[in-house]
Amino acid sequence: MPVTRFSPDGLQPHTPYEHVAVATGSRHIHVSGQIARLADGSPVAPGDLTGQVAQALRNTGRALAGADASFEDVVRLTFYVTNWSPEKIGPFMAGIESVVEELGLPWPLPPASLIGVDHLFEPDVLVELEATAISE
């Protein structure tokens with residue numbers, strides 16, 4: 001397996017992601033920011049952070065599959081969420097948890113960052129997700 005994920009002692013415990021990923025593959029896969037849109041561009045889950053997180057993950061999974069990869073190959077996830085506040089963590093995590101089995105997401109997740117932003121490129125977009133993967 002080209003990716004090993006772990007959380008060394010001394011780092012914050014009980015996070016929904018691993019703190020470190022070590023990759024040994026030769027193919028670098030960079031997935032551009034994925035949002036809650038269907039293939040025809042129509043919005044999914046307007047105004048619903050949970051639904052948009054789930055759809056962004058589904059689209060990321062499709063992008064990875066297109067590169068002959070999966071979430072098992074992911075070494076880094078970066079989520080951008082509009083108007084972030086700590087109260088949004090419940091709906092945000094619910095979106096992830098709703099697709100863990102469907103998408104075969106590793107749990108805990110690969111190393112991840114959640115970055116609050118004022119807005120994204122269109123007003124209805126609440127979350128955007130970038131992924132980096134390594135495969136053989």
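**The cavity and its lining**

A: Ala36, Arg37, Pro43, Val44, Ala45, Pro46, Gln52, Asp124 and Val125 line the largest cavity. The model is predicted, so local features need pLDDT of at least 70, side-chain atom pairs count only at pLDDT 80 or more, and totals for chains, interfaces and linings use all residues. Residues are numbered from 1 along each chain as its sequence is written, and side-chain values use heavy atoms, with hydrogens and water left out.

Q: What makes a space a cavity, and what makes it a pocket?

A: The search runs on a 1 Å grid over the protein atoms alone. A cavity is a set of points where a 1.4 Å probe fits but cannot get out. A pocket is an open set with protein on both sides within 12 Å along at least five of seven lines. Lining residues have an atom within 4 Å of a point. Why use a probe? Rolling one the size of a water molecule over the atoms shows where empty space is left.

Q: How many cavities of 30 Å³ or more does the search find?

A: One, in the whole structure. The largest cavity holds about 30 Å³ of space. That volume is the space filled by probe spheres set on the points, with grid points joined across faces, edges and corners.

Q: How is the lining of the largest cavity split by class?

A: Six residues are nonpolar, one is polar and two are charged. Nonpolar covers Ala, Val, Leu, Ile, Met, Phe, Trp, Tyr, Cys and Pro. Charged covers Asp, Glu, Lys and Arg, and the others, Gly among them, are polar.

Q: Why is Gln52 called buried?

A: Gln52 has 2% relative accessibility. Buried means under 20% relative accessible area, exposed over 50%, and partly exposed in between (1.4 Å probe, protein chains only). So Gln52 counts as buried.

Q: Where is Gln52 found, and what does Gln52 touch?

A: Gln52 is in helix α1. Helices (H or I, at least four residues) and strands (E, at least two) are DSSP runs, numbered from the N terminus.

**Salt bridges**

Q: What makes Arg37 and Glu122 a salt bridge?

A: A salt bridge is a side-chain nitrogen of Lys or Arg within 4 Å of a carboxyl oxygen of Asp or Glu. The Arg37 and Glu122 side chains meet at 2.7 Å, N to O. The pair links distant parts of the chain, 85 residues apart. Arg37 is in the loop between β3 (27-34) and α1 (49-66), and Glu122 is in the loop between β5 (112-117) and β6 (127-135).

Q: Which three residues are linked in a network of salt bridges?

A: Arg37, Glu122 and Asp124. The side chains of Asp124 and Arg37 meet at 2.8 Å, N to O. Asp124 and Arg37 are 87 residues apart.

Q: How much space lies in the largest pocket, and what lines the pocket?

A: About 190 Å³. Of its 13 lining residues, the closest to the centre are Pro16, Tyr17, Phe92, Ala112 and Leu114. The elements that give two or more residues are α2 (89-97) and β5. The lining has ten nonpolar, three polar and no charged residues.
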